[in-house]
Amino acid sequence: MITDARVPLEQQQSYGTAYEHMLERVRYEGAYPTRERADEAVRLVVAGLGRRLTGDERVELAACLPPEAARVLTTQIPDTRPLTGWEFVKDLAARSGASLASTRWDTGSVFAAVAAQAGPHLINRVLRRLPTGYALLFGQAELAPTA
């Protein structure tokens with residue numbers, strides 16, 4: 001278990017190795033000072049994605065994620081109201097009470113780790129199911145379809 005020296009051992013939550021690696025990736029990508037801050041970002045963003053994603057892509061993405069993150073994703077009830085990538089960030093900011101800038105940062109940091117877990121093929125399928133603006137959140141170019 002990866003530990004943070006500032007948190008007493010009896011207060012640290014035990015996670016599986018795969019989730020620990022995911023948290024460390026998010027902590028690195030987001031330059032978060034603690035594992036707990038990375039965990040907050042993962043839970044916020046993955047829950048938000050769980051409210052946006054349906055179908056086979058949702059099931060396959062959950063299968064790629066560590067069990068702790070997969071539970072967060074799959075316990076969300078999908079919202080049928082589509083949100084663009086920017087609206088997604090604004091929704092997360094409103095739910096968390098954080099600024100738009102920090103929420104956008106959290107989203108990019110977590111989506112980088114999710115993309116690493118899922119791989120490019122599945123992420124491309126996920127992006128095709130979501131409205132515009134999510135590719136940028138995943139660190140990819142948003143290409144406009146040709147007419």
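Asp91 and Arg95 both lie in helix H5 (residues 85–96), four residues apart and thus about one turn of the helix from each other, where helices (H or I, at least four residues) are DSSP runs numbered from the N terminus. The model is predicted, with local features needing pLDDT of at least 70 and side-chain atom pairs counting only at pLDDT 80 or more, while totals for chains, interfaces and linings use all residues. Residues are numbered from 1 along each chain as its sequence is written, and side-chain values use heavy atoms, with hydrogens and water left out.

The side chains of Asp91 and Arg95 meet in a salt bridge of 2.9 Å, N to O, the term standing for a side-chain nitrogen of Lys or Arg within 4 Å of a carboxyl oxygen of Asp or Glu. Asp91 is buried at a relative accessible area of 16%, whereas Arg95, at 48%, is partly exposed; buried means under 20% relative accessible area, exposed over 50%, and partly exposed in between (1.4 Å probe, protein chains only).

Arg37 takes part in a salt bridge with Glu40, in which the closest N and O atoms are 4.0 Å apart, and these two residues, three apart in helix H2 (residues 35–52), are separated by about one helical turn. Arg37 also meets the side chain of Asp106 in a salt bridge (2.9 Å, N to O). This second pair links distant parts of the chain, since Asp106 belongs to helix H6 (residues 100–118) and Arg37 to helix H2, 69 residues apart. Asp106 is buried, at 4% relative accessibility, while Arg37, at 23%, counts as partly exposed.

Elsewhere, Glu57, Glu60, Arg125 and Arg129 are joined in a network of salt bridges, and the structure holds 13 salt bridges.
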